[in-house]
Amino acid sequence: MTSVRSNQADEESDRPVVTMKQGNACGVKRPYFRNVFKERSALRLENNLQTSPYPRLSDEERVRDFQRKLYQKAKQELEFRFYVLYDKISLGYMLREAYKKCRSKKGAPGVDNITFEQIEESGVSLLLEEIQQELKARTYKPSAVKRVYIQKENGKMRPLGIPTIKDRVVQMACKMVIEPIFEADFEDSSYGFRPKRSAHDAVTKIKEILKEGNLEVFDADLSAYFDTIPHNKLLKLIGMRISDKNVIHLIKLWLKSPISEEGKISGGKGNGLGTPQGGVISPLLANIYLHLIDKAVNREGSLFQRAGIKIIRYADDFLLIGKSIPKEVIQRLKDLLERMELTLNEEKTRTVQLNKDKQGFQFLGFEFRLNNDIYGRPSKYLHIGPSPKSVKKIRGKIHEYLLHNGHRPPPMIVKDLNAIIRGWIHYFTIQKVSYPAKSKRDLRFYLSESLTRYYRRKSQRACKWAKEGAFGILTKTRGLIDPTKYAPPVNA
């Protein structure tokens, strides 16, 4: 009845003015004003919006709402296997949000050399429509992964795999769909590449465990972890939670993607190991596989738990911490890794006793060690601050920048140096956890010396800034950050 009346009202709004009689009165003109019916139509539209499945929700809110439901289902039913997920990957709002996330991370183009700027010039919607059609028709096939190398701190080269932007968007959409399911299973001891978790959280937890008197640490590092993950065992783990064969097929395609290096193609279908380090979905796959170690250590009644061992893991780096770490615990860990077809990097793996080893250990760029009391008292305190490698790294960045930017004006120099300094201080400052004060003083001294040499080189004649101290002038007049006076916001 409501719909009929509404239609009648809309029709009457277009009728001419008519004369109506009321009792014995003369005819009185009663116009049906158009604006009245427009208001009623607007009200009906408003009511429809309020009762629609997603009233006024942005793409990000819709994704979060969907992820929340998946997480709750996975958390409530720990053995439930999700079987209808593939169609969610190709949804418009899912692809739009996936592109937005990929765009925010920027990144270099893949083998097709297509950049984000080129995609946006031709229209993002064209790319997303193409992806949507291919996914629905089951014709999507990823391109080869571009192999590049970056230098590690020890001088060795680390291989990275860069997918095309199109493949990154599809991987991101798939990741957004399946990640909540595995997040419901992951242990609290895992911190790397997980939503709402960070290196700061891991460092804070390590301090908490050490403060409880657990001063023996087994610092483990896996050899070429991302390149040695066995596909068959990884897919079995994924299959324990996801039974949608189309999603499994997508992941297989990415695992089997060929590698393009200097124009040569290698790998492909015959490859049974590894996931490209640099792919959007690779960190999630890596966490799914190493979740086995987290479960083994944290399992009720396990050898690790009986020995009082706790684990902190960030991606493929992890620590075993306890009052003492028996040999049988380490052997059990090695046996587990052997069954998983993984090996420890013996060069980087070591056991540290904090109350005996003055050097302590390094994890996530931080250095952990026990320092003597500055007043000579017998007690020691736990120091957590930037590691020597981290200090060397920021000095190298500053040196390289000043070496190759001798032509830039002071405002540009200050802006670029501030970005480097601010990021470094933000990372190594954890309220009531880390103590970077000395490192900040050392950095201030290095900046002062480097800027003096920098302005001395700019001209053959004596430079005023070099004589009077470029660092002091830039901090007072141009806004250069003084590391000893800068403190990041509490929630930064």
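Leaving aside neighbours within four places in sequence, Glu-367 is in contact (heavy atoms within 4.5 Å) with Gln-359, Phe-361, Gln-362, His-383, Ile-384, Gly-385, Pro-386, Ser-387 and Pro-388. Glu-367 belongs to strand 12. Strands are DSSP runs of E of at least two residues, helices are runs of H or I of at least four, and both are numbered from the N terminus. At 10% relative accessibility, Glu-367 counts as buried. Buried means under 20% relative accessible area, exposed over 50%, and partly exposed in between, with a 1.4 Å probe and protein chains only. Ser-390 is 23 residues from Glu-367 along the chain, and their C-alpha atoms are separated by 9.3 Å.

The model is predicted: local features need pLDDT of at least 70, side-chain atom pairs count only at pLDDT 80 or more, and totals for chains, interfaces and linings use all residues. Residues are numbered from 1 along each chain as its sequence is written, and side-chain values use heavy atoms, with hydrogens and water left out.

The chain contains 20 helices and 13 strands. Of its 492 residues, 43% are buried. Among contacts between residues at least 6 apart in sequence, 68% join residues at least 24 apart. The accessible surface of the chain is about 28300 Å², and carbon and sulfur atoms account for 51% of it. These areas come from the Shrake-Rupley method with a 1.4 Å probe; for residues, only the protein chains shown count as cover.

Helix 8 covers residues 165-183. Its 19 residues should span 27 Å at 1.5 Å a residue, and the end C-alpha atoms are 25 Å apart, which agrees. The expected span is 1.5 Å times one less than the number of residues. Helix 8 bends by about 35 degrees at Val-177, and Pro-180 follows within four residues. The bend is the angle between axes fitted to the seven residues ending at a residue and the seven starting there. Helix 8 is mostly covered, with 19 of its 19 residues buried.

The largest nonpolar core holds 77 residues. Such a core is a set of buried Ala, Val, Leu, Ile, Met, Phe, Trp, Tyr and Cys residues joined through side-chain atoms within 4.5 Å. Ile-178, Ile-238, Ile-293 and Leu-320 touch the most other members of the largest core. Helix 8 supplies the largest share of this core, 11 residues. Apart from it lies another core, of 46 residues, with Val-217, Ile-430, Tyr-455 and Tyr-486 among them. Beyond four places in sequence, Ile-293 touches Ile-311, Phe-318, Leu-333, Leu-336, Leu-337 and Met-340.

The whole structure holds 11 aromatic pairs. Rings of Phe, Tyr and Trp (its six-membered ring) pair if their centres lie within 6.5 Å; planes under 30 degrees apart count as stacked, over 60 as edge-to-face and the rest as tilted. Phe-366 and Tyr-427 form a tilted pair, 5.4 Å centre to centre with 40 degrees between the planes. This pair links distant parts of the chain: Phe-366 is in strand 12 (residues 366-372), Tyr-427 is in helix 17 (residues 410-428), and they are 61 residues apart. Phe-366 is buried, with a relative accessible area of 0%. Tyr-427, at 29% relative accessibility, is partly exposed. Phe-366, Trp-424, Tyr-427 and Phe-428 form one aromatic cluster.

Pro-483 lies in the segment after helix 20 (470-478). At 0% relative accessibility, Pro-483 is buried. Its contacts beyond four places in sequence are Ile-421, Ile-425, Lys-440, Leu-443, Arg-444, Leu-447 and Phe-471. Arg-422 is 61 residues from Pro-483 in sequence and 8.3 Å away in space, C-alpha to C-alpha.

The loop between helix 15 (327-339) and strand 10 (350-353) contains Leu-344. Leu-344 counts as buried at 11% relative accessibility. Leu-344 and Ser-223 are 121 residues apart in sequence, yet 5.6 Å apart in space, C-alpha to C-alpha. Not counting residues up to four places away, Leu-344 touches Phe-218, Ala-220, Asp-221, Leu-222, Ser-223, Lys-334, Leu-337 and Thr-349. Glu-341 is found in the loop between helix 15 and strand 10. Glu-341 has a positive phi of about 65 degrees although it is not a glycine. With a relative accessible area of 42%, Glu-341 is partly exposed.

Phe-193 also has a positive phi, near 55 degrees, in a residue other than glycine. Phe-193 lies in the loop between helix 8 and helix 9 (199-211). Its relative accessible area is 45%, and Phe-193 is partly exposed.
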